[in-house]
Amino acid sequence: MSRLAQPKPIPLPKRSGGGDAQDVCESCVDRIFSHGPSQCPIPGCRKTLRKHRFREQTFEDIQVEREVDIRKRVAAVFNRREDDFESLRDYNDYLNEVEDITFNLINNIDLEDTQKKFDKYQAAHEEEIMENASLAEKERMQFAAGQKAEREQAKQRRDAARREEAEEKREVLEGKKDVLNRLASGQDAESVAQEGQKVQLKKRMDRAAAAERQRQLQQQTASAPSGARNGSSNLVIKGLKAKTKKTAEPEAPIDPFGGLSFEGRKYYSLQDDYVWVGVQETKTDALIGAGGYDVSSFTSRALCEAFAGLGVFVGEEMEGRERREEDGNKVVTKGAELVAQGREKKVKIEDPF
Amino acid sequence: MTHALSEDDIYRTSTQYRLWSFSPESLSALRKKTHDLALERAQRYTGNDEPVEFLTQEEELRLVQRYCGQIRTTSDHFKWPVNVKATAVQYLTRFYLTNSTLTYPPKEIYKTVLFLACKTEATHMTLSEYARRISTEAEVVLAPEYKVMQALRFTLDVRQPFRGLKGALMELLNLAEGMVGGEELQAQMLDVPPPPQGTKTQWKHPGAGKVGAEQLHDRIQAAYSAARNLLDAPALLTDVYLLYTPSQILLAALHLADEPLTSFYLSTKLPTSSLTWPKILATVSACADMLASFSPPQVLTKDERNALEGKLERCRDPSTRDLVQAFAAMRQDGSGEEGEGVRKRRKLEREKSQKEGEDLFGPSLQRPKANGAGG
């Protein structure tokens, strides 16, 4: 049997200390390890293996597979971020050290020491490792969500385009049918053709408008905030400040009195409550309150009326106005004068209603 | 940039202040002028054959006053709100400022005025319902309506003291409870001397001992109802509405009802050192004097009224004798003859523009007329 015909080989599991990996075919794994842990089938290797630690191989080259495994394991522990460091230099030093450890593990250099260092670091910084891991997870989720939203948008755009196309087709068909109908009903062929041309022209204009719309849509997408763009390219740009949208100033409420206020009280100040029975009865009457009537509109009005004009001295103030008053009287007495001259019939007051 | 209006400024915006407030001199001058004009006109329609005795200005005034009383009794009979009564009376008074009873006898005007007041004061009823109630014809009510509106200068708002009086009552009661100026004012209020003999209030000082909160309460209520009565009869049958503001009228009524209480109330409103203080006091007491000077027997009795109206019948203006017919004729005029004229003119214009429109380059350009629609 050729090797190709065999079931997919499964690499040996990673071993602590970055031990060897070997590929074993699926049926062999079943055969050897189905009854529990057993010794490694490779001659000279005495390690005890378990079935559940075997898994499918991703890479053809077993060495690559092993290196990826190790790198994953190291990266999960040494997951510090650039923000954690004071300067770029520090961060680079850290990366260098991590790479040293990884390299040692992969190439089995100073295996004992390196493994010890690794374990020590893991034990010491367990909490921070967890924290950074959750942060990374969150970022990944956000990224995925962004991508999803972008896909959705693209789908909507495609749908809209499709709808437009279908509409166009339907219109063309309808136009043709219309022209045929007209011809069939015996209309003038020339005018029908002209009409048809007009319709076609209109269609063309519509198409131009649609193309324009499409272009605008694409422009919109291009100028969309950078957060959305991150979804499609694999480059996540950090440190971009989110743009805050400037909302328009809310419109000022309408002032029905054009800047006049009625708060310039001289003679009284409104109280919260009045003991007068009239007010109290109105306040407790459900029939009145149900419509939204507030008794304070009565009290404020009553008090305003009680003092509106207390300081107005009609006699004095009218003398100053006497002349204007006389002009006004002329208008009013005119009617009477006209009557006096016996011309009343000529004064027509039209029915305004 | 808000401009705060005081209560006085608010009152100055009203048409009652702008058009229907007078100094005593200008009021009597205006009435004299109206009367003289009516007499002058009367010279023309009577001719010189026989001497006719005309109503004097005094008689005219008393006749109008009698019909103000008539409006009051009618309104009371139907139990309409007091606002209707006050408004109608003011309409009638205002109407006869610029019109003479010789031209329009009040007997024909007062029904219209009352109907108009029902409308403006939101006491709605149909014209036929109203006519049925006061047992008259609908046309009689409608005929002088335009004349009345014109004489009222199309201002229908009448500021009245009734709601304001309730406001004062409200505030007085709160004062008595110590809710306005605190305990100090309350104590002062309890010490206000009792009303002297001869005032209108029904309240009597309990005699021995100090006045308690309970009695103070009664005193305020009694003063209110006395003032309310004063606002009903004398205030409506004298010229106070034309000479004073509603606020002054109601305080004058309170002043007549319980003078010490009102003085105390006013003193809580303004510092006695303020410049307007003596003026306000003087105005209120002048108004109170006017209210007090009124006595019911001044109003014409039915016989006197009949005598006066008989006299009026002989000297009245014949051209306004049949208002109903004039009204009907005017309506006819408005819809018939004139409508036809307008139609004819429009037709001519239409034809002209059509003719011009057929020219090759359209009608000729025209300068806008100098005296267009302005005349």
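Among contacts in chain A between residues at least 6 apart in sequence, what percentage join residues at least 24 apart? The figure is 53%. Keep in mind during this tour that the model is predicted.

**Stop one: chain A as a whole.** Select chain A and switch to a cartoon view. Now colour the chain by burial: of its 353 residues, 24% are buried.

**Stop two: a nonpolar patch.** Keep the surface on and select A:Phe257, A:Leu260 and A:Phe262. Together these residues make a nonpolar surface patch of about 260 Å². Then pick out A:Leu260 from the group. This leucine belongs to strand 5 of chain A, which covers residues 260-261. Is A:Leu260 buried or partly exposed? Its relative accessible area is 35%, so A:Leu260 counts as partly exposed.

**Stop three: two cysteines.** Hide the surface and go to A:Cys304. With a relative accessible area of 18%, A:Cys304 falls under the 20% cut-off and therefore counts as buried. Now move to chain B and select B:Cys118. This cysteine is buried too, because its relative accessible area is 1%.

**Last stop: disulfides.** While cysteines are on screen, a reminder: a disulfide is a covalent bond between the sulfur atoms of two cysteines.

Conventions:
Residues are numbered from 1 along each chain as its sequence is written. Chains are lettered from A and ligands numbered from 1 in the order in which they are written. This is a predicted model: local features need pLDDT of at least 70, side-chain atom pairs count only at pLDDT 80 or more; totals for chains, interfaces and linings use all residues. Side-chain values use heavy atoms; hydrogens and water are left out. Patches are made of residues with over 30% relative accessible area and no salt bridge: like charges are joined within 9 Å, nonpolar side chains (Val, Leu, Ile, Met, Phe, Trp, Tyr) within 5 Å. Accessible areas come from the Shrake-Rupley method with a 1.4 Å probe; for residues, only the protein chains shown count as cover. A salt bridge is a side-chain nitrogen of Lys or Arg within 4 Å of a carboxyl oxygen of Asp or Glu. Helices (H or I, at least four residues) and strands (E, at least two) are DSSP runs, numbered from the N terminus. Buried means under 20% relative accessible area, exposed over 50%, partly exposed in between (1.4 Å probe, protein chains only). Contact means heavy atoms within 4.5 Å.
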